[in-house]
Amino acid sequence: TLGILGSSILFGLAHFPTRRGLAPWPLFALGLGLVLGLMYVRLGDLLGPVVAHFTINLVNLRRLGRAGSGESEEAP
């Protein structure tokens, strides 16, 4: 438990944003770190957490890219 909490805190700090508009990001990352850590404990391997992290990054980075370019969320 201590290891999951510690690594989740580090995960949140590693996702500290450079833009003020993304200030809640580390809290989201901390929560996600807890979920991914518990997923690892439950499943017994890293495949599930790695796939989940990849999927979340894919979705979020696409959204951030659209927000930065001025495109709407509904753009293909």
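In this presentation, contact means heavy atoms within 4.5 Å. With that term in place, I turn to the structure before you.

This is a predicted model, in which local features need pLDDT of at least 70, side-chain atom pairs count only at pLDDT 80 or more, and totals for chains, interfaces and linings use all residues. Residues are numbered from 1 along each chain as its sequence is written, and side-chain values use heavy atoms, with hydrogens and water left out.

Let me begin with confidence. The pLDDT is the predictor's confidence in each residue, from 0 to 100. Its average over the protein is 87, and 88% of the residues score at least 70.

Next, the overall architecture. Helices (H or I, at least four residues) and strands (E, at least two) are DSSP runs, numbered from the N terminus. The protein has three helices and zero strands, and the order from the N terminus is α-α-α. Confidence is highest in H2, at a mean of 94, and lowest in H3, at 87. Of contacts between residues at least 6 apart in sequence, 38% join residues at least 24 apart.

I shall also speak of burial: a residue is buried under 20% relative accessible area, exposed over 50%, and partly exposed in between (1.4 Å probe, protein chains only).

We come now to the interior. A nonpolar core is a set of buried Ala, Val, Leu, Ile, Met, Phe, Trp, Tyr and Cys residues joined through side-chain atoms within 4.5 Å. Which residues make up the largest nonpolar core? There are five: Phe11, Ala29, Leu32, Leu36 and Ala52. Helix H2 contributes the most to this core, namely three residues. As a general background remark, nonpolar side chains in soluble globular proteins tend to be buried together.

Alanine 29 belongs to helix H2, and it counts as buried because its relative accessible area is 3%. Beyond its neighbours within four places in sequence, alanine 29 is in contact with Phe11, Gly12 and His15. Its C-alpha atom lies 8.6 Å from that of alanine 14, a residue 15 places away in sequence.

Further along helix H2 we find methionine 39. Is methionine 39 buried, partly exposed or exposed? It is partly exposed, because its relative accessibility is 25%. Neighbours within four places aside, methionine 39 is in contact with Gly44, Gly48, Pro49 and Ala52. Between methionine 39 and proline 49, ten residues apart along the chain, the C-alpha separation is 6.3 Å.

Leucine 38 is also in helix H2. With 51% relative accessibility, leucine 38 is therefore classed as exposed. Leucine 38 and threonine 1 are 37 residues apart in sequence, while their C-alpha atoms are 9.0 Å apart in space.

For helix H3, I take asparagine 60 as an example. Asparagine 60 is buried, because its relative accessible area is 17%. With neighbours within four places set aside, asparagine 60 is in contact with Trp25 and Phe28.

Finally, the largest pocket. On a 1 Å grid over the protein atoms alone, a pocket is an open set of points where a 1.4 Å probe fits, with protein on both sides within 12 Å along at least five of seven lines; lining residues have an atom within 4 Å of a point. Grid points are joined across faces, edges and corners, and a volume is the space filled by probe spheres set on the points. The largest pocket holds about 230 Å³ of space. Its lining has 17 residues, and His15, Trp25, Asn57, Leu61 and Leu64 lie nearest its centre. The elements giving two or more residues to this lining are helix H2 (25-43) and helix H3 (47-69). The largest share, six residues, comes from H3.

What is the nonpolar, polar and charged make-up of that lining? Ala, Val, Leu, Ile, Met, Phe, Trp, Tyr, Cys and Pro count as nonpolar, Asp, Glu, Lys and Arg as charged, and the others, Gly among them, as polar. The lining comprises eleven nonpolar residues, five polar and one charged.
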